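Work through the exercises below with the structure open beside the text. Try each task before reading its solution.

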Amino acid sequence: MSAQSRPQSPAELTQLYSGTLLALAADIPHVGRLDAPMVSVKERAPLCGSTVTVDMDVEDGRITRFAQDVKACALGQASASVLGRHVLGRTESELRRARDELAAFLKEDGPIPSAPFEGFEALLPARDFKNRHASILLAITATCRGFEELSRTI
């Protein structure tokens with residue numbers, strides 16, 4: 001059985017849910033919803049049912065206002081926390097690069113996503129739990145989709 005299909009041992013869960021990861025999950029920046037955002041996107045992870053709704057405004061190609069309503073496991077919360085710490089002032093290309101790097105980090109044992117998105121290293125133990133990857137990618141995927149939707153309306 002693979003790590004994703006068998007029950008995890010207490011030692012595996014302790015490694016997965018480190019103090020650093022739990023601290024990130026407990027302190028998510030920009031929690032909530034914006035009044036009258038330029039765009040609002042909801043993403044859902046089908047395996048676990050986690051959801052993230054992102055509201056944002058963009059001016060001159062950069063995120064100027066951002067909020068996220070995170071209804072996810074601790075891994076999804078930690079990932080949203082890292083995103084929230086770095087998202088203001090970021091461009092679509094920076095977010096797409098970070099999303100692609102995070103996906104490669106999780107799925108292909110790629111390097112930790114590069115600056116300015118420091119902090120995703122706390123999710124290193126989650127690589128072995130493929131059924132958790134969708135939740136980890138929710139917030140950054142929703143943010144990228146927000147840029148895509150804005151570009152369709154301009």
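**Exercise 1: The two hairpins**

In the hairpin formed by E1 and E2, 6 residues stand between the strands, and glycine 49 has a positive phi near 85°. The model used here is a predicted one.

Task: Find how many residues lie between E2 and E3, and which residue in that turn has a positive phi.

Solution.
- Step 1. E2 and E3 also make a hairpin, with 2 residues between them.
- Step 2. In this turn the positive phi belongs to aspartate 60, at about 50°.
- Step 3. Aspartate 60 is not a glycine, yet its phi is positive.
- Step 4. The relative accessibility of aspartate 60 is 81%. Exposed means over 50%, so aspartate 60 counts as exposed.

**Exercise 2: The sheet**

Task: Give the order of the strands in the sheet and the sense of their pairing. Then state why one side of E1 and one side of E3 have no neighbour in the sheet.

Solution.
- Step 1. The sheet is open and has 3 strands, in the order E1-E2-E3, with antiparallel pairing.
- Step 2. Strand E1 (39–44) and strand E3 (62–71) are at the edges, and each has a single partner strand, so one side of each is without a neighbour in the sheet.
- Step 3. On average, neighbouring strands of this sheet are turned by 20° against each other, direction ignored.
- Step 4. Strand pairing in general runs through backbone hydrogen bonds, and it can be parallel or antiparallel.

**Exercise 3: Partners across the strands**

Task: State over how many bridges E1 and E2 pair, and over how many E2 and E3 pair. Then name the residues that stand opposite valine 41 and aspartate 55.

Solution.
- Step 1. E1 pairs with strand E2 (residues 51–59) over 6 bridges, in the antiparallel sense.
- Step 2. Within that pairing, valine 52 in E2 is the bridge partner of glutamate 43, and valine 54 in E2 stands opposite valine 41.
- Step 3. The antiparallel pairing of E2 and E3 covers 9 bridges.
- Step 4. Here aspartate 55 stands opposite alanine 67 in E3.
- Step 5. As for cover, 8 of the 9 residues of E2 are buried, which leaves the strand mostly covered.

**Exercise 4: Helix H5**

Task: Describe where helix H5 lies relative to the strands, and find where H5 bends.

Solution.
- Step 1. Helix H5 (residues 133–153) lies across E1, E2 and E3, and runs at about 140° to E1.
- Step 2. With 21 residues, H5 reaches 30 Å from its first C-alpha to its last, which is close to the 30 Å expected at 1.5 Å a residue.
- Step 3. The bend is at alanine 139 and amounts to about 40°.

**Exercise 5: H3 against H5**

Task: Give the angle and axis distance at which H3 and H5 pack, and the handedness of their crossing.

Solution.
- Step 1. The packing of two helices is described by the angle between the axes and the distance between them.
- Step 2. For helix H3 (residues 74–86) and H5 the angle is about 35°, and the axes are 6 Å apart.
- Step 3. H3 and H5 cross in a right-handed way.
- Step 4. On the H3 side the contact is made by Leu75, Gly76, Ser79, Ala80 and Leu83; on the H5 side by Ser135, Ile136, Ala139, Ile140 and Thr143.

**Exercise 6: Glycine 84**

Task: Decide whether glycine 84 is buried or exposed, and list the residues that glycine 84 touches, not counting those up to four places away in sequence.

Solution.
- Step 1. Glycine 84 is located in helix H3.
- Step 2. Buried means under 20% relative accessible area; glycine 84 is at 4%, so it counts as buried.
- Step 3. With residues up to four places away left out, glycine 84 touches Pro29, His30 and Gln68.
- Step 4. Aspartate 27 is 57 residues away from glycine 84 along the chain, while their C-alpha atoms are separated by 9.8 Å.

**Exercise 7: Two loop residues**

Task: Locate alanine 36 and proline 116, and state what is found in the backbone at each.

Solution.
- Step 1. Alanine 36 is in the loop between helix H2 (19–26) and E1.
- Step 2. Its phi is positive, near 50°, in a residue other than glycine.
- Step 3. Alanine 36 has a relative accessible area of 71% and is exposed.
- Step 4. Proline 116 is in the loop between helix H4 (92–107) and H5.
- Step 5. The peptide bond from alanine 115 to proline 116 is cis, and its omega is near 10°.

Definitions and conventions:
Residues numbered from 1 in each chain as written. Predicted model: local features only at pLDDT ≥ 70, side-chain atom pairs only at ≥ 80, totals over all residues. Heavy atoms only, no water. Pairing = 2+ DSSP bridges. Helix = DSSP H or I, 4+ residues; strand = E, 2+ residues; numbered from the N terminus. Axes fitted to C-alpha atoms, helices over the stretch in contact; angles between N-to-C directions. Contact = heavy atoms within 4.5 Å. Expected span 1.5 Å × (residues − 1). Bend = angle between axes of the 7 residues up to and from the residue. Buried < 20%, exposed > 50% of the residue type's maximum accessible area, 1.4 Å probe, protein only. Left-handed = near helix turned anticlockwise from the far one by under 90°.
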